[in-house]
Amino acid sequence: MLSPRLYILNVAKDPAEASRISQESAKRIQDKELKLLDLVQSLEEYLTDDDKTTRAKAIGYLSSVLGYLDPKVLSRQQGFNPFPLKIFPTRHHYVNLICLKVAAIAQFLCDRLEDETGLKETSQGLFALQKSSRFGKEEATLKHPQGTRFAALTLIDGLMANQRDALRAMGGKFVTGFAELVGGEKDPRNLMIVFSIVKAILVEFDIVPHIEILFDVVYCYFPITFKPPPDDPYGITAQDLKLRLRECIASTKYFAGHVFPQLIEKLDSTSLSVKKDVLQTITACALSYGPQTISTHSTQLWDAVKFEVLNSTEEDELATEALSAIRAIAEALSFGLKFSVPTTSPLARYLGGIVKECLKLLQEPQQKQARPAGKILSKSATATAVAHTFIVEKTMPALLLIHGDADSLAKQRALMEILNLLFQSTLQIFGTWGDLTAEQVLPNPFTEYTDKLFEIYSQALMGSLREELGLRITALRGLVLLCKTRRLFQENEIGMVVQYLDQVLLEVEEKEEMKELALQGLKDISKIKPNLIMDITFPEFMAQLPDSEKEVDPSKPYIATLEALAKLSLGRSVFQVLLTRLLNKLDIVLRGTVQTHRFTQTVKADLVKRKIWPNVSPGNPFYAFKRPESCQEDIKTYFARLAVPLLTKTIIPTVDNSSEFEDFRILTDDSILDVTGRLLNIIIGSLGLEEQINVSRQLINIFVLGIPSDYMPKTHAEIVARDFRPLQQAANKEQAGCTILFTYALAGLRRELALTTLSIPDLIQQNVELATQTAHSTRKMAYLYLVALLANKWMKKPGDSDLLQKITADLLESVSSSVLSSREYDNLVGQKLQTVLWITKAIVVRGDRYGMEVTEKVVALLGDKNYGPTASKGFSALLGNDEFITKDNYAIIRPLTKQKIFTFCVPKIVEGFRVADSTTKPNYLVALSNILRNIPSAVILPELGRLLPLLLQSLDLPDPSVKSATIETLLITVKESADAMKEHISSLSTRLLNACMNREENPPRIRSAALRCLGTFPGALRTDLLLPYKRQVIRSLAMALDDPKRNVRKEAVDCRAKWYSLDEPED
């Protein structure tokens, strides 16, 4: 067809001729001599041409032809008659014109708008097309593709950022044009840009003539109900859109008259999400629109929002949002008010209405809506200092009158809970003691009521019966809040509260809940008034501790007192004072008993233990040693004041038998040595590398080399160097017991620290011999821990692995010889096997391949009747968590070590169990149990198919620890992989019932666990699988219901209720 070519050649140099050509083509289409399909096909080569001018001329030809066509002809001839047309590409798109109806032509031309060239020609074609009677609503609203719209919006966003003045100069033309451009946009990525641009327009442009247009553009999207599609590449969430839209709505006060009625109407929605969005939008608008605008709508907003609070539950999320909205309105109306609230101000009118309505509800403070009313007052009072003052001045006289007229303790308590809410708002406005924020200019309005409040709350706390727990708890909380508020209580009043809390804590018969709250109150006061804790609490608590054996009263809670002291010592200065007092008390205790054995060793060990080692947990003074931000100078001080004196007081009595050190011999008790070692571990582990180098040298001199140490007093340095030999076979039990101190100390050293003065292989060999020859379990474990630490952290040089292999091989050779000779169990050989297990643990966790070789040999030993039990228990050491081989102690621990051992050992254990005889099968079950208890459930579940038969038989073993691990594994299995259990319901339910009924063999924790596991069956397994066992289970549970332990009976009741709930199938 020559027409397109002729048009393209003439359009530039002879427009009249080009117009004639297109007019002629249009006539041929009208006369049915030419089909529009053929014409479009003839343009293919020109529409895909690389030359942009040619593409533009081709579109111009099509547009010109459409312009000359009679609209009726187009609709009649080309409207709905489908005909095939091949797919051909344009420069940027593939166009599928399977049916060339008006919509298809319109879409084709819209797509061409993405080509920068030919925009004029494309627009002319669309203009001609819209004349057709077939050009309807769908065609009229055809938009550019999302990518095109995004590009256009990104361009406008860039212009808004860089050429805002030019856009602003366009005035209403830009505003209305942009509104028309983005109307009906639905793509979330584009909407994010639209909302940003609209916000800029609302804030910086003259929008007064266009308020309704812009409001319609924005508010039509509220509320956002967008749900991102799976694998959304843009990562835009509904919350992102909500926040961006909310910023738009809240950006101009001119929306107020439109938006608030709409938002209030939407509060009637049944959707919690919509109501939450509405309340958050009201809050944002209140904080943005300004006091003049908000004052016009404050009353109607209060009337609408209060319902969500007054009819809420305790933890209602909507109530929280509603309270924020109420507070935001008060904050907005407080603008410009610094010292008082004029009675005619919008804030006074707004808060006055709130106070009036809330006080009416508080006349009966124990009623349902009273507490929500108290929350409204409290939240409103946190808006500003003037709002707080207004509310307190208007409510306190009435609240005190209500309290004075209260005819029951329940009413008093309810009213005091409301007061506590107001105290919280006061604390928020005026801050706590020591706050760095500037103090409020206004005085605290509660100041004139402090005497009355102190009287009310003191009487409720200390003058009420112990049984009135709720009232006393409320009073305690209120007093602590008042104490914490800056410049409200005088120091003597806070001191009285400290005395009250001390009495609560030290009262033996006091409720545990009250004690916990009292301790928390003292901790809060310790942060703001540490001097009161040091001057009042410390002397009072220390006086409760005995100085001698005669003063010990078993009924007194010494341990609880010591733990409370530790938890109160949060500040550095407080801890320093406590440390001094405790060290003095420790010295008094040690010297206060002439005949040590007459003073109950356990009580004394606990006293010493709690003094030098409170629980190491956050909030505890010794926990500071574990924090990286701890000051190194402080840690050095603690080492000098704590570690060195305890070390000397423990070691010197083992070499000096004089009466001067007789009292300190109690420090060599195993339990106290363990506690001392833990303390050394934490302090040394927190020292810097340089300081650790010096500490390590001194400790090696004392424990290994026999060289005088600077840590020992000059009077005993030579004696200790000569006579203290804890790592020698000939060492007495006191000196040998001190090995645990050396072990704990080495555990705290960094592995990069080189022990240059020590022959590590010789020390390992020495401790291996000690571990295999001592019968004392505590000392043997100290030697084993020491061997494991040295092997893990310091045997890293070339050749070290060979040395460890030789030591391990020699030990295994002894075990193998004993097994082959079929001799009876040899205790020495058993201890050598234990040593092998600890060496294996040390090297396997750091990824040493030889460790897996040894592990395989240990698995093989499970088949031996003599040493199989020892090997099976060894898996607990191999996989279990201990206090030495840990990352906190700088040990080398590779990831996924436990999973590798599980994968390596379990198949061998399962196979070994299959071929084992009845005497050795328990060994495999115990080993499996010790592995499973230390492996994540996600690793175990895929292997359940072959493990379940072994687990079921593990329940028949007498060992409680094996049963416990097995039941825990079964419990996880029932919850996470119930289908694996359906074939074993009969045998499993029988074994679990036996476990919960056999009180002689199974301790209470096993009986409770068995019942808990059995109780998970209903709900996890199909009812039709469980019904055959329902009667048997319910009948058997009767014995568990009479169990002497309360927690077992409770589990039995819960279990029976769940099995009772299983419905019989209908006939």
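Student: What makes Lys253 count as lying over the face of Tyr254?

Tutor: In this predicted model, Lys253 is at 5.9 Å from the ring centre of Tyr254. The cut-off for a charge over a ring is within 6 Å of the centre, together with an angle within 35 degrees of the ring normal. Lys253 is therefore listed as lying over the face of Tyr254.

Student: Which ring does Lys921 lie over?

Tutor: Lys921 lies over the face of Phe913, at 4.0 Å from the ring centre.

Student: How many aromatic pairs does the structure hold?

Tutor: The structure holds 21 aromatic pairs. A pair of aromatic rings is described by the distance of the centres and the angle of the planes.

Student: Why is the pair of Phe174 and Phe178 called stacked?

Tutor: The ring centres of Phe174 and Phe178 are 6.1 Å apart, and their planes are at 25°. Rings pair if their centres lie within 6.5 Å, and planes under 30 degrees apart count as stacked. Both values meet the cut-offs, so the pair is stacked.

Student: What separates Phe174 and Phe178 along helix H12?

Tutor: They are four residues apart in helix H12 (residues 172-182), so about one helical turn separates them. Both Phe174 and Phe178 are buried.

Student: Why is the pair of Phe423 and Phe446 called edge-to-face?

Tutor: The planes of Phe423 and Phe446 are at 75°, with the ring centres 5.4 Å apart. Planes over 60 degrees apart count as edge-to-face, so this pair is edge-to-face. The pair links distant parts of the chain, with Phe423 in helix H23 and Phe446 in the loop between H23 and helix H24, 23 residues apart.

Student: Are Phe423 and Phe446 buried or exposed?

Tutor: Phe423 has a relative accessible area of 1%, and Phe446 is at 1% relative accessibility. Buried means under 20%, so Phe423 is buried and Phe446 is buried.

Student: Why does His403 count as buried?

Tutor: The relative accessibility of His403 is 13%. That value is under 20%, so His403 counts as buried. His403 is in helix H22 (residues 385-404) and touches Gln412, Leu415, Met416 and Ile456, not counting residues up to four places away in sequence.

Student: How do you know that H45 and H47 are roughly perpendicular?

Tutor: Helix H45 (residues 921-932) and helix H47 (residues 944-954) pack at an angle of about 105°, with their axes 10 Å apart. Angles of 65 to 115 degrees count as roughly perpendicular, so H45 and H47 are roughly perpendicular to each other. By class, their contact has six nonpolar, two polar and no charged residues.

How values were computed:
Residues numbered from 1 in each chain as written. Predicted model: local features only at pLDDT ≥ 70, side-chain atom pairs only at ≥ 80, totals over all residues. Heavy atoms only, no water. Helix = DSSP H or I, 4+ residues; strand = E, 2+ residues; numbered from the N terminus. Buried < 20%, exposed > 50% of the residue type's maximum accessible area, 1.4 Å probe, protein only. Contact = heavy atoms within 4.5 Å. Axes fitted to C-alpha atoms, helices over the stretch in contact; angles between N-to-C directions. Parallel < 35°, antiparallel > 145°, perpendicular 65-115°, else oblique. Nonpolar A, V, L, I, M, F, W, Y, C, P; charged D, E, K, R; others polar. Phe/Tyr/Trp six-rings, centres within 6.5 Å; stacked < 30°, edge-to-face > 60°.
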